[in-house]
Amino acid sequence: MEIAEPPIKEKSKSPSQSVVSKDALLSGKTVTWLLTAILLLAALFSISTGAYKLSFDQMLEVFAQTDQEASPIRYLLLDIRLPRVLLAVVVGAGLSISGVAIQGLFRNPLADPTLIGITSGGMLFAIGGIVFSGSVLAGVSSFLGYTTIALFSFIGSLLTTLLIFRMATFGGRTHVTTMLLAGIAVTALAGAITGLMTYFSTEDQLRDITFWTLGSLSSANWKVLLIVSPAVALTFLMLMRITPALDLFMLGESEASYLGVNVQRTKWIVIIFSALAVGICVSVTGIISFVALIVPHILRLLTGARHRFLMINSALLGAILLLIADTAARTLIAPAELPIGVLTALLGAPFFIWMLMQARGNSKLGI
Amino acid sequence: MIEVHQLSVRIAKKQILKNISLEVNPGEVVAVIGANGAGKSTLLKAISGQTSFSGGEVFYNSQPLRQWKSKELARKRAILSQHINLSFSLKVIDVVMLGRFPFFHQENETQRRMIAQWALEKVALADFAQREIHTLSGGEQQRVHFARVLCQLHSPDESGDKFMLLDEPTASQDLSQQYRLLTLAKEVARELNYGVLIILHDMNQAARFADRIIMMKQGRIVASGSPGQVLTRQHIFQAFQVNCLIQDHPVFDCLHVTALGATATTKY
């Protein structure tokens with residue numbers, strides 16, 4: 001009998017002799033440069049646009065002033081437009097990098113902080129903070145001011161993330177159906193409790209609550225930026241440190257641990273810092289949905305799923321997207337303002353439906 | 001060398017493994033066979049450090065498993081699992097490069113890429129480097145992961161023996177892919193002097209590719225030794241409750257087992 005030997009192996013070469021092939025139409029780095037340029041242009045455009053148009057010359061004039069003389073233009077530029085643009089950039093980046101990390105942890109592109117209830121958890125606690133700040137929490141509130149609400153929101157997001165992750169992950173893998181259903185449950189619960197709280201809230205608090213559920217960047221000022229920026233910057237730094245480990249999570253937790261990843265530590269970093277960024281952003285802007293879903297998905301299609309550039313580029317694209325959305329929100333029906341959460345949902349929900357259509361029959365998404 | 005001394009594993013008050021002792025030397029292929037539920041996969045998980053054990057000890061190069069740092073251990077032993085489902089699609093070369101994680105801070109992207117390319121050449125998939133892994137067949141994907149495992153252990157300058165643990169790598173693969181993968185495993189053991197521990201279902205594959213076989217039943221070792229010593233009618237009946245016929249292989253220099261069924265008469 002003759003046995004045909006398949007060509008198992010070519011003569012092996014040592015690694016140094018191999019040809020290194022470069023690939024990809026768009027490298028991660030190219031996209032980073034491209035997005036940075038777009039972000040700068042979008043920021044300039046956004047600063048100049050609004051109910052009152054600012055020309056480039058006017059902007060330069062204000063920055064060139066040395067005597068810091070108060071003028072309406074100076075006030076508009078430095079105290080209204082600039083903080084708002086910066087807040088859009090920081091919040092857009094914060095939400096997107098959290099999306100990347102959470103999707104990496106859940107091993108699923110549908111794990112969006114809004115869809116799985118992390119945002120609602122943050123909002124619920126933030127609203128609880130507002131409502132009770134008139135009574136039980138009065139002392140804490142006056143002492144810590146803005147920070148109290150932010151802290152509450154962070155705790156709410158953290159608890160929700162932990163809850164959803166615990167519920168959805170068993171037997172060594174994350175069950176997408178459970179994850180999304182748990183998200184629906186948490187969102188419904190948060191909605192119900194929020195509704196209940198509106199009965200106990202004063203007129204002013206009611207306005208705050210409405211603002212929260214629709215999302216807006218109108219509370220932008222330097223004080224707020226001082227809270228949000230460090231939280232997002234810290235999240236970015238911590239998440240960047242674990243991007244190689246997140247790459248390995250794509251293989252599954254067991255495989256990652258076989259390769260020397262400290263799986264528990266990585267999980268905790270993702271959970272704590274995503275909740276930090278989402279929670280703090282929510283406490284300032286309310287619910288802005290779908291940014292964290294759309295941005296990483298587009299970039300994965302463009303430059304691949306490896307997390308290093310995915311994280312950097314998501315921060316940039318998230319910033320751009322929210323900046324454009326916010327500019328539209330405050331100019332489309334000027335001098336009134338559209339809630340930005342409404343705009344991102346109008347854009348994001350069809351995108352999500354499209355993703356679900358794509359996912360049909362694709363076991364990769366686990367649906 | 002991997003040395004396992006009197007290893008016992010209890011999971012949820014159930015004794016899964018009891019007093020297992022074995023060793024894997026560099027350059028040899030050791031196959032673990034046994035019926036479903038014999039504890040083969042648990043044994044592999046315990047040896048790899050994934051499952052904690054209630055008694056006994058596992059040594060890698062004379063150092064107890066518990067004393068190894070996870071990244072250090074990852075440079076010495078790699079594991080190929082049965083099914084790996086990537087959560088996001090990656091290029092083949094990127095999947096293989098994931099194997100370099102234990103060396104992450106010591107080398108740059110270009111060096112990683114070179115080693116990954118070398119590993120892909122080893123498994124004859126160099127031409128697929130730029131393909132998305134999801135476009136490959138199941139057998140090819142498994143070979144990509146085999147390349148990733150090779151990539152993980154590649155460190156010619158480091159001293160100390162290295163080991164590959166393969167958990168039923170041929171399950172749900174067609175005949176030609178099974179053959180390719182096992183041949184590769186054997187070549188790696190011989191050429192790179194790696195110790196290979198492999199869980200197999202097929203006794204004939206074990207007979208052909210393993211230097212030694214460990215036969216398990218209900219968490220214990222029934223027999224251990226060369227294929228000739230382990231693959232006897234008594235042992236096989238003890239472990240699988242199947243009568244069989246054992247002959248010399250008509251082509252290769254190994255044994256061939258023909259299962260006759262649980263109720264077959266033993267007139268052979």
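Is Lys267(A) buried or exposed, going by its relative accessibility?

Mentor: This is a predicted model, in which local features need pLDDT of at least 70 and side-chain atom pairs count only at pLDDT 80 or more, while totals for chains, interfaces and linings use all residues. Residues are numbered from 1 along each chain as its sequence is written, chains are lettered from A in the order in which they are written, and side-chain values use heavy atoms, with hydrogens and water left out.

Lys267(A) counts as buried, at 11% relative accessibility, where buried means under 20% relative accessible area, exposed over 50% and partly exposed in between, with a 1.4 Å probe and protein chains only. Lys267(A) forms a salt bridge with Glu253(A), their closest N and O atoms lying 3.1 Å apart; the term stands for a side-chain nitrogen of Lys or Arg within 4 Å of a carboxyl oxygen of Asp or Glu. This pair links distant parts of chain A, 14 residues apart, with Lys267(A) in helix 12 (residues 263-285) and Glu253(A) in helix 11 (residues 253-258), helices being DSSP runs of H or I, at least four residues, numbered from the N terminus. Glu253(A) is likewise buried, at 18%.

Glu255(A) forms a salt bridge with Arg148(B), at 3.7 Å between the closest N and O atoms, and this pair crosses between chains, from helix 11 of chain A to helix 5 (residues 138-153) of chain B. Glu255(A) is buried at 5%, and Arg148(B) is buried at 0%.

How values were computed. Helices (H or I, at least four residues) and strands (E, at least two) are DSSP runs, numbered from the N terminus.
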